Amino acid sequence: VSGAYAYLADGPGGVRTVDISDPAQPREIDVLATPGYAWDVVLDGGHAYVADRTGGLRILSLADPAHPREVAGFERAAVALGVEVRDGLAYIASGPSGLTIVDVSDPASPRLAGSFMPAGTMHGVVLAGDRAYVAAGKNGLRVIDISDPANPREMDVLPLPGVAERIAVDGDHVYVAGEYGGLASVRVSGTGQAEGIYLPWSARP
């Protein structure tokens, strides 16, 4: 959401722009097709960054916020399943290609800045300080030191039930939503070690 507009990643429907100036009557005003499957979208500095699965990273200008337009794409990762942007860098959860870090300081000319490719897959990513927390599918939670974006290194990995798909962070707790695994809350120490699982929950009976 930015101002009076919400931008929705709508899978095969691309990116939808919705006018929410009247929250009681939202209305769609624009649809932008993407080459892949729009899975995640974040906003930063007048641009929208779309994790477009097989379409890689798509970068949209919001100069006209009602009508986004694509200014660049970055397709060197196998897939783009999640994205976070901070300080001119896009951190992409790239499935079997691991974590891909892209310099987007010039959004029209993205370039590879770093990568981390462990075994397994990466489905979602969130940033906090000098760490990236990654929902790593069947491998659970990965904690990655990104203080040097050109050379990210793993601090810890914690297996979790199910297939870790989505992730959020609040203070020293990381919340991981997993297919078949429900929701797990993990405490992460100051040294980056995942200390344990609290309040596991599943909606399945």
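**Ground rules**

I'm working from a predicted model, where local features need pLDDT of at least 70, side-chain atom pairs count only at pLDDT 80 or more, and totals for chains, interfaces and linings use all residues. Residues are numbered from 1 along each chain as its sequence is written, and side-chain values use heavy atoms, with hydrogens and water left out.

**Entry 1: the sheet S4 to S7**

I started with an open sheet of 4 strands, ordered S4-S5-S6-S7 with antiparallel pairing. Strands here are DSSP runs of E, at least two residues long, numbered from the N terminus, and two of them pair if DSSP finds at least two bridges between them. At the edges I found strand S4 (40–44) and strand S7 (69–74), each pairing on one side only. Neighbouring strands of this sheet are turned by 25° against each other on average, direction ignored. That angle is taken between lines fitted to C-alpha atoms, on a scale from 0 to 180 degrees between N-to-C directions.

I then looked at S4 and S5, which run antiparallel and are joined by 5 bridges. Leu-43 has Ala-48 in S5 as its bridge partner.

In the loop between strand S5 (47–51) and strand S6 (57–61) I came across Arg-53. Arg-53 is not a glycine, yet its phi is positive, about 50°. Its relative accessibility is 31%, so I logged Arg-53 as partly exposed. For this label I use under 20% relative accessible area for buried, over 50% for exposed and partly exposed in between, with a 1.4 Å probe and protein chains only.

How many residues of strand S9 are buried? I counted 5 of the 5 in S9 (residues 89–93), so the strand is largely enclosed by the rest of the structure. Leu-89, Tyr-91 and Ala-93 point one way and Ala-90 and Ile-92 the other way, all of them buried.

On one pairing, strand S8 (residues 82–86) meets S9 in the antiparallel sense over 5 bridges, and Val-85 has Ala-90 as its bridge partner. The hairpin of S8 and S9 has 2 residues between the strands, and Asp-87 there takes a positive phi near 55°.

S9 also pairs with strand S10 (residues 99–103), again antiparallel over 5 bridges. Tyr-91 has Ile-101 in S10 as its bridge partner. This hairpin has 5 residues between the strands, with Gly-95 at a positive phi near 55°.

**Entry 2: the sheet S12 to S15**

Next I checked another open sheet of 4 strands, in the order S12-S13-S14-S15, with antiparallel pairing. Strand S12 (124–128) and strand S15 (153–158) stand at the edges with a single partner strand each, so one side of each has no neighbour in the sheet. The twist averages 20° from one strand to the next.

Strand S14 (residues 141–145) and S15 pair antiparallel over 5 bridges. I noted Arg-142 opposite Val-157 in S15.

Strand S16 (residues 163–170) and S17 run antiparallel, joined by 7 bridges. Ile-167 has Val-176 in S17 as its bridge partner. Their hairpin has 2 residues between the strands, and Gly-171 takes a positive phi near 65°.

How many cavities of 30 Å³ or more does a search of the whole structure find? I got 1. A cavity is a set of points on a 1 Å grid over the protein atoms alone where a 1.4 Å probe fits but cannot get out, and lining residues have an atom within 4 Å of a point.

The lining includes Leu-160, Pro-161, Val-176 and Leu-183. Strand S17 (173–179) and strand S18 (182–188) each supply at least two lining residues. By class I have 7 nonpolar, 3 polar and no charged residues; Ala, Val, Leu, Ile, Met, Phe, Trp, Tyr, Cys and Pro count as nonpolar, Asp, Glu, Lys and Arg as charged, and the others, Gly among them, as polar.

In the loop between S17 and S18 I found Tyr-180. Tyr-180 has a positive phi near 70° without being a glycine, and it is exposed, with a relative accessible area of 57%.

Note on methods. 1 Å grid on protein atoms, 1.4 Å probe; cavity = no way out; pocket = protein on both sides within 12 Å on 5 of 7 lines; lining within 4 Å. Points joined across faces, edges and corners; volume = space filled by probe spheres on them.
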